[in-house]
Amino acid sequence: MLDPRLLEERRDEIVESCRARRFSADVDATIALHRRANALRTALNESNRLRNEHQKSGKQKLDPAAREAHTAEGRRLKDEVAAQEEAVRLAEAELETALRGLPNFLHPESPRGDESDFAVLETAGQPRAFDFEPKDHLALASALDLVDFERAASVAGQKFYFLKREAALLELALQRFALDQILPEGFVPIVTPDLARPDVIEALGFSPRGEESQIYSIAGHDLCLIGTAEITLGGMYADSIFSEDELPLKLAGVSHCFRTEAGAHGRESRGLYRVHQFSKVEMFVFCRPEDSEAQHRELLRLEKKIFDALEIPYRVIDIASADLGAPAYRKFDLEAWMPGRGAGGDWGEITSTSNCTDFQARRLKVRFRRTAEGESAGAGKKNELVHTLNGTAISNARAIVALLENHQQRDGSIRIPAALVPYLGTDRIGPR
RNA sequence: GGAGAGGUGGCCGAGCGGUUGAAGGCACCGGUCUUGAAAACCGGCAGGGCGAAAGUCCUCGUGGGUUCAAAUCCCACCCUCUCCGCCA
C-alpha cells in the first residue's frame with residue numbers, strides 16, 4: 001500500500017506507474033478520498049475534544065438539576081460523536097479500498113512495457129550443444145521412473161505429481177544445497193506454516209479471494225494455502241518494531257507452495273513446469289530503506305551463485321512494468337535454458353527477486369527505530385517503515401526441470417553436477 | 001475437542017469506573033563522575049492520525065454494549081498458557 005500522504009506530492013509518478021503497469025486506477029479520486037477522510041477525521045477530533053472537556057467538567061459536584069442538564073448534554077455529544085465516527089469509518093474504508101488499487105512506485109530503470117519487453121541484463125553459461133536429440137524433462141523422467149502424474153491425478157487431480165526414486169531425493173537435496181549456499185550470508189533458516197490467514201495474504205499484496213485468485217482456500221476454515229513463503233515470512237514480523245541494529249534481517253523460508261493456476265491453461269506448462277504444488281526455499285529480507293537496492297542486488301547474486309553451482313545456463317532479466325505486479329518496485333528473474341521447452345529449447349523462469357520497498361511493510365506495520373547517531377537531540381525521531389525484499393533460492397519443480405533437461409546424457413541418464421553430488425549421494429541418475 | 005488462567009508501552013509487569021496514556025523494572029538515549037569503561041546518580045524515552053508549530057485526537061488483543069465518563073463492568077470473537085482427551 002502507498003503512503004496516502006505522498007499521493008498529492010508524487011501524483012504524476014503514481015499515474016505513470018499505473019499506466020506502465022496497465023493498472024486502471026483513479027489516482028485523483030483517491031486523493032479526493034484522502035482529503036475527505038482527513039477533513040472528517042479532523043471534525044471528529046474537534047467533537048471529541050469538546051466531549052472530553054464536557055466529561056472533565058462532570059467530575060465536580062453538581063446539584064440535581066445541573067447534573068441532569070449535564071447528563072443530557074453528555075448524551076447529545078455522545079450521539080454526535082457516534083455519527084461522525086461512522087462517517088469517518090466509511091470514508092476511511094473507501095480510501096483504503098482505493099489505496100489498495102494503487103501499485104507501488106516504479107524503479108526508474110525498470111523497463112517500461114509488456115511482459116515481453118523485459119531487458120536482458122546478462123547471460124551466464126552457454127546453452128549446451130547436444131550431439132543427440134535432447135528430450136524434455138517429462139520424457140526423461142518417465143523413462144527413469146522419476147515421476148507419476150497419472151496416479152497423482154487420481155489422488156489429487158491434474159497438475160499434481162508424485163516424485164519417485166532419485167527425484168524424491170533430489171527434492172530434498174536441492175533444498176539443503178540451496179540453504180547451505182545462503183546460510184553463510186546470514187540467513188536464518190525457517191520452516192514456515194503452509195497455511196495462512198486471508199488478512200496476512202492480503203497484507204503481502206496477494207488476493208486470496210475471487211475468480212482470478214491463485215490462492216487455494218480451505219473450506220470451513222478461515223485459512224488459505226500459501227502460494228509462497230513470502231507470505232508467512234512477511235507475516236511473521238507483522239506489527240513489530242525492529243531496532244536498527246537488528247537490520248537487515250534475512251530469513252530463508254522452507255515451505256510448500258500451492259497455486260490454483262487459474263487461467264493458466266493452454267500456456268507452455270508441460271509436466272513439472274507449472275504445477276499446483278511445489279516446494280521452495282525463499283529468501284526474505286527486512287532492511288533499512290537506504291539498503292534495499294543493495295540487498296536486491298545481493299539476492300540476485302545469491303540466486304546466480306546457486307544456479308552457477310548447478311551448472312545450468314541462465315539469463316537475468318529485468319522485468320518490464322506491466323509484468324511486475326502491484327507490490328514490486330523492481331523485479332529480476334533468472335530464466336534457465338531448458339532444452340526440452342518449446343521447439344528447440346527456450347528460457348524458463350526459475351527464480352524471481354523483488355524489491356517491494358515499503359509497500360508491504362506499510363500494511364504489515366513493520367517498522368524500525370533508528371539509533372539516533374549524530375542527531376543532536378536523539379529524541380522525537382519517528383519510527384520508519386522497513387523495506388522488504390524477497391527472492392527464490394530454489395523452487396523445486398522448476399529446478400528439477402532444468403537439471404534433467406540440461407544434464408541429460410545420450411543414454412537417457414542424468415549427470416548430477418559436482419556441487420550437488422554430496423547432497424544426492426550419487427553423480428548420476430540412470431540409465432535404466 | 002473438554003476444563004481453567006490470561007492477553008497493558010521495545011521487553012517484563014502494576015493498575016479502586018473519573019486525578020492513569022498508564023506505577024515499577026529492564027533495554028535504549030543524553031548528562032554527572034572516571035585516564036577510559038563499568039558501577040552509582042540525574043534527566044529523557046509507547047504507537048499512530050491531523051497540523052508549519054503550538055497543540056489536538058485515537059489506541060491498554062478485536063468488535064459490540066452499559067455509563068455523563070471504561071484499561072477497569074457486560075457480551076461475542078481471536079490468540080496464548082496450563083491440565084485432560086485424541087493423534088504423527
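Trainee: Where does Ser 413 lie?
Mentor: This is a predicted model. In it, Ser 413 sits in the loop that runs between helix H12 (396-406) and strand S16 (414-415).

Trainee: Buried or exposed, then, and why does Ser 413 count that way?
Mentor: Ser 413 counts as buried because its relative accessibility is 0%, and the cut-off for buried is under 20%.

Trainee: What does the side chain of Ser 413 make a polar contact with?
Mentor: With the side chain of Asp 411, at 2.6 Å.

Trainee: And leaving aside neighbours within four places in sequence, which residues is Ser 413 in contact with?
Mentor: His 407 and Gln 408, and then Arg 428, Ile 429, Gly 430 and Pro 431.

Trainee: OK, whole chain now. How many helices and strands in chain A?
Mentor: Chain A has 13 helices and 17 strands. Its C-alpha atoms fill a box of roughly 100 × 55 × 40 Å along the principal axes.

Trainee: What share of the residues in chain A is buried?
Mentor: 49% of the 432 residues. The accessible surface of chain A is about 20700 Å², and carbon and sulfur atoms account for 50% of that.

Trainee: Of contacts between residues at least 6 apart in sequence, what share joins residues at least 24 apart?
Mentor: In chain A, 74% of them.

Trainee: Last topic, charges. How many positive and negative side chains in chain A?
Mentor: There are 58 positive and 69 negative side chains, with the centres of the two sets 3 Å apart.

Terms used:
Residues numbered from 1 in each chain as written. Chains lettered and ligands numbered in written order. Predicted model: local features only at pLDDT ≥ 70, side-chain atom pairs only at ≥ 80, totals over all residues. Heavy atoms only, no water. Helix = DSSP H or I, 4+ residues; strand = E, 2+ residues; numbered from the N terminus. Buried < 20%, exposed > 50% of the residue type's maximum accessible area, 1.4 Å probe, protein only. Contact = heavy atoms within 4.5 Å. Areas by Shrake-Rupley, 256 points an atom, 1.4 Å probe, with all protein chains shown as cover. Lys, Arg positive; Asp, Glu negative; His and termini not counted. Charge placed at Lys NZ, Arg CZ, Asp CG, Glu CD. Polar contact = N/O pair within 3.5 Å; in protein donor to acceptor, adjacent residues only side chain to side chain.
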